[in-house]
Structures are given as structure tokens and as C-alpha cells.
There are 2 protein chains.
Amino acid sequence: MRLSRRGLLGGGAAAAGAVGAYAAGRVTADEPAHASAAPATYDFRGAHQAGITTPAQDRLHFAAFDVVTDSREELVALLQAWTDAADRMTRGLPAGEIGPVEGAANLPPDDTGEAIGLAPGGLTITFGFGPSLFRDAEGRDRFGIADRMPAALEPLPHFPGDELDPARSDGDLCVQACADDPQVAVHAIRNLARLGFGTVSVRWSQLGFGRTSTTSVTQDTPRNLFGFKDGTANVKAEETTALEDHVWVGAEDDPDAAWLAGGSYLVARRIGMHIEVWDRQPLADQEAFVGRTKGTGAPLSGGEEMTEPDFEMPGSNDQPVIPVDAHVRVVHPGAHDGARMLRRGYNFVDGTNPLGGLDAGLFFVAYVRDPRTHFTPVQLAMAKSDALTEYLQVTGSALFAVPPGTASGEHVGHTLFG
Amino acid sequence: MRLSRRGLLGGGAAAAGAVGAYAAGRVTADEPAHASAAPATYDFRGAHQAGITTPAQDRLHFAAFDVVTDSREELVALLQAWTDAADRMTRGLPAGEIGPVEGAANLPPDDTGEAIGLAPGGLTITFGFGPSLFRDAEGRDRFGIADRMPAALEPLPHFPGDELDPARSDGDLCVQACADDPQVAVHAIRNLARLGFGTVSVRWSQLGFGRTSTTSVTQDTPRNLFGFKDGTANVKAEETTALEDHVWVGAEDDPDAAWLAGGSYLVARRIGMHIEVWDRQPLADQEAFVGRTKGTGAPLSGGEEMTEPDFEMPGSNDQPVIPVDAHVRVVHPGAHDGARMLRRGYNFVDGTNPLGGLDAGLFFVAYVRDPRTHFTPVQLAMAKSDALTEYLQVTGSALFAVPPGTASGEHVGHTLFG
């Protein structure tokens, strides 16, 4: 009998069958109800992939992979193996059927073991396909899918001010693992990388320690490393019409890419923050750059956090009270034909920078229906006129098509490769 | 009235006065009792610094600093400011008296704000002094303390196999911030760095996402990224005699360094793990390298996790059942005149390595009474004959003297600079 990680340590009696019956978003029967009422497991299967509208978990491990084989068969076999392992791990089971400590002594375990005894942690695993999977740097169609590449998956343009590190950018495949326990997220990425040995190599990976987005009305808005609430105006899971309009790809969006219907596009941007410079700015200046108060997150035009900003309200010196270059104004949907994003960003600190400061910032992740209308114009406007830009440095960038979800028996990308 | 971060958001009514009355290790009155019964706050003040015998928190941010001034006065002023800020932040208060969102609009806030609304998270902040603080690379006694440098603070010898990156090694000062919430730990380091602007610069910093040590008998033994339980034989807070023998510096240990009595030495080692290679080793080999089973952590000679290993028990092929090069044998106190360490290590993943794998490993932190007897011989034995060494690569190393704790009104290092 296969036991869950929890059961393995004797902490509970949840056998695999019972685990499989967990409903999405519910607290499991053998899981103590924490004060936050965080659910223990989310279903991996569904019409959409989990990890997009799922209430944003606290921690992230994100990885991009390069496919090191030219064999379509090997690639599809890996996607099947990844699907099975992801389905298992999100239930709190080991990555493989044998597990970390059983099976033959002369074989490597099919799970690495560092998650033994840890709860499922609300783990979600979300997969994406990069432009280079369809056509590589030499223009080759390695996997016979070039004619199904969505038009919206063209690599992002170069944005003014970007200083992109190729070792932190792009990739053939991506995996986003979110969980409330970072060790659970790391365990997931690590075991998927292990399964991919010989088929893929890790191109880059990013840990995020603190969520900066709110994807459900049940969540409080967290803070980024500028100390401000972030994600106030995010598209949230409860906004079903907005999800259809701004997040999910429609069946009619792209005749060459009907396989992507029910999926989305993932934009990842590693945004370094010059926090040492920021920390020396007066409070009023910080608030003017953002266009919101630092305490409650209310717009400078007044009200509460969720109050709609009044961009016309006059301030002093013939200027509006929300400055013309305030972040909230520059990125507001009203300035971009109503385009909104579902963001899932995380704070990061990756050691130090050469200037004697912390290499800190925001790992920006956004899901959009079409990056050409929902991301690029907003990014161009930020690069051109956002007061925050002076304190930001984008060092990594990537775009992925996120296929729809899977039913039991289907593998990630089945609509593309099937 | 100054409110705690929790109080600021209206989530509680704990004013600063009440917060100040929190007893060490107790759950605070306005804090929900989590299943883990993790305490909300630990006293910063005491005979010893907190963060050594404190039950190991889940997350770490560790930073080493270089002092960029030659002024003893400025250095001592920073230590005073750091002491005040650390005392405040461990109570869940902002780093400064004004806080992140109040005070004059034309001044920078004296707290950066990203911890608004977060619980104190069991934060501890622990300070140390590196060899170069006493005598810099040119042999200069910048701060008039060279004659008080402990003999045991001589820089560690070069160990076979080390490939040290100077940008991840050494430092004049160090700060270890441990908390159950990583954003709380990052907030602490970031605000201390902010206070140090112009006096210190960050030399290196390291995040750890998962504790690998157990410093109290109340804690379960966690797992490292080899998937094994780590820290089973650690010196624990309840072993008061062992703490005196192996962790705390005695008043008579070094006549030149009486100021260090009640303190300790901190050894930090950034140990990269070749996890991709490890994951391809058979289970029996992994267990032979460690000398314990992967499941329960029991020694290969039998029993339970806490059973003492029987190094004489015969195995097959005229070899002992615990191999001669097993990690547990090589580092066992019995092989080192009984020397033990109090370890406080953390798992890390810092992106990727050039081989297409994860840059993953263990950030080893140990507190010892004398590194010459309690660390160096063990490390030399590991480098020479430990089977695990083939899977490890040490890329950073540092040694610090950790001064004793402070009473109210005293600053960190008062016995050295007072």
C-alpha cells in the first residue's frame, strides 16, 4: 500500500485512495485547520491548469528547461511522466510509485525524499511551452509543431532599459511550482528535473519567498520589497467574466492554435529593485511614484485600498493628485483599452549585487489571454514614463504558452501533441 | 502610540508595552495557537544571544558585512543602532520608532514596510565578528581591538576540496536572521543593511528555505536535500551541560578574549550538493554513504533514529555494517575527542549551476566553543575520508566570534568595545 508523505511518517492514516478523493480547495480530513484555513491540496486535473486562479500560495520555485533531444517521442514521454508525477505530488504523494525509501536497494529511489513528512502544502504545478519549443534558435522545427505555434507566442520585443541575462531568460519549457511550504515547491521542481535527465536540462530557476499577488477575494493583499501592497487591482478567481476576457485563450483566438483554448500565456520578468536607493526616498516621494499610500494602499485620490483611483482629481501646482508618472496611472487598464492581467509575482533575494547591496526584487509572473494586447503595451508604457522604472532593472524575461488542463489519462500538452 | 506590525493593520490590539512583556518561547496572547505551537516571539536580550539554542526556525537570511569606515566611533554607533533595531524587530515592531508609514512626508521612513501585517514569526537576530574586524587584510588594527582577538578566531585553514568564492566567504561582521516567515527574516537583514549605509556594505548574503537542524528535543528532525534526516545528534537546548562543554565560550578559555565569555564561534559553510548525481545512486549506496537509513534515520546498525550507532557491528565481506567511510562514523564525536557542535543549517537553492542542474545544497551553520577542536578536525576528517564528500562542493566559508547577549541598555559587542 502506498502511503502519503504524511502517512509514511505515521502522522496520519491517509492512504492514496483517500488522498485521491480530496476536493479542490478543501481542508483535508487529517489536516489540522490552520488559522489561515489554507487548503491542503488542489486538484491537478481540470479544464484549466491549477496554479493560475488558485489562491496564490506563499512560496514559489519556478524553472525553465531546455529540451536536449530532438526526439518528439522522448519529449512526449517526458510530458507524460511529468503529468503523472505532478498529479501525484500535488496530492502529497511521492513523485513515483515506489517512493523515496522503498523498492529495490540496488535502484535509485523514484522520489528524492526531502518532502517526507511534509504536508501537501497546497502545491500546484503549472507547465508552459516557450517559443523555442516550436522553432529553435536556428529556426528548426525539432518536434513537428512549428505550424501550430500561436502568433501571440512570438518572443517579446526588447523593452527600453532591459538588461537581460540569457541565463535568466527564455526556455523551451517552464514549470511553476507554488506551495505554502518552500521545501514542497523545491521538491516538486527537483523531482521533475530528475525525471527529465537526458531529455531536458535546467536553463534557469528562481525561488520566490513571498507572494506579492492576490488571486482570490479571500486573500489579503501582500507587500512587495518597496514596502507597498501589490496586486490590489489583480484579476481574481471570482471574476469569471474577467478571466474569460483577459486570462483564458478562447477557441477562436488563433486558428493555428486551437490547441491552446482554455490555456493562457505566461509572462515572467525578473525585476531587480534598487532597494537601497528606494529606502532613501522620502515617504511622500515613494507614495507619489506608486500613486498609492504606503499604509493602506489607497489611491492618493482617497478612499480605501479597493477604491478606484481618480486620475482627474486636481492636486497642488496644477498637477493631478495622482502624478502623471505614477505607477498606478501608467499601468491602469483605462490607459490600455481595458487590458488586465492575472499576476502571480513573488519577492526574491538572491544574495548580493556588485554594489554591496542585496540582489532583491520581484519575480513578476502574469497570465494573460494575449501578450500583444495585455502585456507589451503596458510594459512599453512603464519603460517610457513610469516613475518606478528608475528603481527597477529587468534582468530576465520569458514568455510561455500555457496549455489547458488535463483530465485523467491525458498528459500536459495533449491538445498540441495528441 | 506605537503599534506592533500586527496592531498596525487592526488585526490585534497589542501595543508596544504589552509586546515587551512577551516571555521567551511562549505563545503570545493575541496569537492563534498554531498546530506547531510555534512561539510568536523570542527575547532578544539575555545572557546569550538568541538564535543559537532557540528552537530552529524554518527559514534563514544570513548576511556578512564589510565595515567601510575606519572610525571606531561609527562602528560602535552602528552596533548600538543594530541592537535597538534588532530588539524592536524581534518583538514584531518596525525597525525604527517612526515606522514605515508615519512621520514626516519629506523624510525616508525608518522601516521599509514589507513586514507590515506579518506576525513576529519567531524572529531571532544573531550578530558575529569576523577575524578581519580585528586585523584587516593589510594587517591593520582599524578599530583598536587587535589585542583582544581570540586565538581561536584565526581564519580557518584551507580544507582539501574547497573551492571558495571570495564573494561568498568571510566578512567583518555577520548577522543571522531566522524566522518562521522568510519575509520577516529578509525584512530584518534589509533594515539592518539600511541602517548600516555608509558604515558597512553587504559582502554576501544567503537565504535558506528549510531548516536542517533540530536544536530542541521538542522538534522533529527535518531533511536535507539528499533526502535524509539531518541533525539527529545535534547538541540541543535542553542539554545544558553539553552546551557549556561544546557551545559556550568559558571565561577562562582565552585570557585575551574574556569579552567573549558566554558567546560562541559561528562556522558558516556553503556546501553545494551534486543532487543530480546523488539522485542516480541506488538507495543502498545512499544509505551506506550516510550510515543511516533514509526512512527513519536509524543507524545501519539498527534501532531507531536516536539509537547510538554501533560502529563495531560486523556486516558482509568482513566490513562493518556501518562502512568505514560512512558520514555518521567519520564525524562522530567518538572520533574527535568527544567534540560536538550545535548546528543550525538550512537547505538552499540559488538558481542553476553551469551543468544544467540546480545550484542546491546546505548552508551549514554551527556554533562551537572552539573551532580548532570542535570544527577543524571534523572537517579535515570529512575531506579525507567521508563518502559524502564526492557529492559535495564547498563554495563559501566564514568564521565569526559571536559575543554574549545583552541586557537592556547594552549594545551587541559591549564587552569588546565598552
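Select helix 3 (residues 72–90) and helix 5 (residues 182–195) of chain B. Their axes come within 10 Å and cross at roughly 155°. Axes here are lines fitted to C-alpha atoms, for helices over the stretch in contact, and angles run from 0 to 180 degrees between N-to-C directions. Helix 3 and helix 5 of chain B are therefore roughly antiparallel (under 35 degrees counts as roughly parallel, over 145 as roughly antiparallel, 65 to 115 as roughly perpendicular, the rest as oblique). Helices (H or I, at least four residues) and strands (E, at least two) are DSSP runs numbered from the N terminus.

This is a predicted model: local features need pLDDT of at least 70, side-chain atom pairs count only at pLDDT 80 or more, and totals for chains, interfaces and linings use all residues. Residues are numbered from 1 along each chain as its sequence is written, while chains are lettered from A and ligands numbered from 1 in the order in which they are written.

Show side chains next. From helix 3 of chain B, pick B:Leu78, B:Ala81, B:Trp82, B:Ala85 and B:Met89; they meet B:Ala188, B:Asn191, B:Leu192 and B:Leu195 of helix 5 of chain B. Contact means C-beta atoms, placed from the backbone, within 7 Å. This helix contact has 8 nonpolar residues, 1 polar and no charged. Ala, Val, Leu, Ile, Met, Phe, Trp, Tyr, Cys and Pro count as nonpolar, Asp, Glu, Lys and Arg as charged, and the others, Gly among them, as polar.

Move to chain A. Helix 3 and helix 5 of chain A also have axes within 10 Å, crossing at roughly 155°. Helix 3 of chain A passes helix 5 of chain A in a right-handed crossing.

Now colour by chain. What rotation superposes chain A on chain B? It is 180°, with 0.0 Å of shift along its axis and an RMSD of 0.0 Å. The two copies are thus related as by a two-fold rotation axis.

Select the interface. Chain A gives 54 residues and chain B gives 54 residues. On the chain A side, the elements giving two or more residues are helix 5 (182–195), strand 4 (200–208), helix 7 (275–278), helix 8 (283–290) and strand 8 (346–352). That side has 24 nonpolar, 20 polar and 10 charged residues. Of the interface residues of chain A, 98% are also interface residues in chain B, so the copies meet through the same surface.

Finally, zoom out on chain A. Chain A has 12 helices and 10 strands.

Note on methods:
Contact = placed C-beta atoms within 7 Å. Left-handed = near helix turned anticlockwise from the far one by under 90°. Least-squares fit on C-alpha atoms with pLDDT ≥ 70 in both.
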